[in-house]
Amino acid sequence: QSQSGYVSSKPSGIRVLPKMPTTPRNITVISAGAANQVASWEEDKSRSLFTKYFLKAMSGEGDKKPYGDEDGKVSLKELKKYLDDNMTYFARRYYGRTQQAQIVVNGRQLSVGN
């Protein structure tokens, strides 16, 4: 299935279960969504929602309130909160689906409390 619908007009059912790899302790992985989610694009198809909001966050928007502490650095928690509040919102608004960025640090999923 693509963002426009099914690639074929009469698809047969197939079920794919993603196998989650283990992440080494010295690696940080940032992905556009969970294994069972579709990564969404801007409505004009210029770039992915993840790319747009990742770049905005890292250029300083993620350090501003209410996402960050305005210390001049964008932490992973600030990035996660920014993506959760912006990218996730627009994926739901444009396409009616959930897309939530995933950040894995030292083999553990990063979570951000509200």
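**View A. Helix H1 passes helix H2 in a right-handed crossing.** A crossing is left-handed if the near helix is turned anticlockwise from the far one by less than a right angle, and right-handed if clockwise. The model shown here and in the other views is predicted, so that local features need pLDDT of at least 70 and side-chain atom pairs count only at pLDDT 80 or more, while totals for chains, interfaces and linings use all residues. Residues are numbered from 1 along each chain as its sequence is written, and side-chain values use heavy atoms, with hydrogens and water left out. The axes of H1 and H2 are 10 Å apart and the two helices pack at an angle of about 135° (axes are lines fitted to C-alpha atoms, for helices over the stretch in contact, and angles run from 0 to 180 degrees between N-to-C directions). That angle makes H1 oblique to H2 (under 35 degrees is roughly parallel, over 145 roughly antiparallel, 65 to 115 roughly perpendicular and the rest oblique). On the side of H1 the contact is made by Phe50, Tyr53, Phe54, Lys56, Ala57 and Met58, and on the side of H2 by Leu79, Tyr82 and Leu83, where contact means heavy atoms within 4.5 Å.

**View B. Helices H1 and H3 pack at an angle of about 150°, with their axes 9 Å apart.** This angle makes H1 roughly antiparallel to H3, and H1 passes H3 in a right-handed crossing. From H1, the residues that make the contact are Leu49, Phe50 and Tyr53, and they meet Met87, Phe90, Ala91 and Tyr94 of H3.

**View C. A search of the whole structure finds 7 aromatic pairs.** Rings of Phe, Tyr and Trp (its six-membered ring) pair if their centres lie within 6.5 Å, and planes under 30 degrees apart count as stacked, over 60 as edge-to-face and the rest as tilted. The rings of Tyr53 and Phe90 have their planes at 5° and their centres 5.7 Å apart, so this pair is stacked. The pair links distant parts of the chain, since Tyr53 belongs to helix H1 (residues 49–58) and Phe90 to helix H3 (residues 87–95), 37 residues apart. Tyr53 and Phe90 are both buried (buried means under 20% relative accessible area, exposed over 50%, partly exposed in between, with a 1.4 Å probe and protein chains only). Phe90 also forms an aromatic pair with Tyr94, which is tilted, with 5.5 Å from centre to centre and 45° between the planes. These two residues both lie in helix H3, 4 residues apart, about one turn of the helix. Phe90 has a relative accessible area of 17% and is therefore buried, whereas Tyr94, at 23%, counts as partly exposed. One aromatic cluster is formed by Tyr53, Tyr67, Tyr82, Tyr89, Phe90, Tyr94 and Tyr95.

**View D. Three strands form an open sheet in the order S1-S2-S3, with antiparallel pairing.** Strands S1 (28–31) and S3 (108–109) stand at the edges, and each has a single partner strand, so one side of each is left without a neighbour in the sheet. Strand S2 (residues 102–105) pairs with S3 in the antiparallel sense over 2 bridges, given that two strands pair if DSSP finds at least two bridges between them. Val104 stands opposite Gln109 in S3. Helix H2 (residues 76–85) lies across S1 and S2, and runs at about 165° to S2.

**View E. Lys80 has its place in helix H2 and is buried, with a relative accessible area of 4%.** When its neighbours within four places in sequence are left aside, Lys80 is in contact with Gln100, Ala101, Ile103, Leu110 and Val112.

**View F. Pro66 is found in the loop between H1 and H2.** With a relative accessibility of 60%, Pro66 counts as exposed. The C-alpha atom of Pro66 is separated by 9.2 Å from that of Glu78, a residue 12 residues apart from Pro66 along the chain.

**View G. The secondary structure of the protein chain comes to 3 helices and 3 strands.** Helices (H or I, at least four residues) and strands (E, at least two) are DSSP runs, numbered from the N terminus. Along the sequence the protein chain follows the pattern β-α-α-α-β-β. Of the 114 residues in the protein chain, 27% are buried. Among contacts in the protein chain between residues at least 6 apart in sequence, 57% join residues at least 24 apart.
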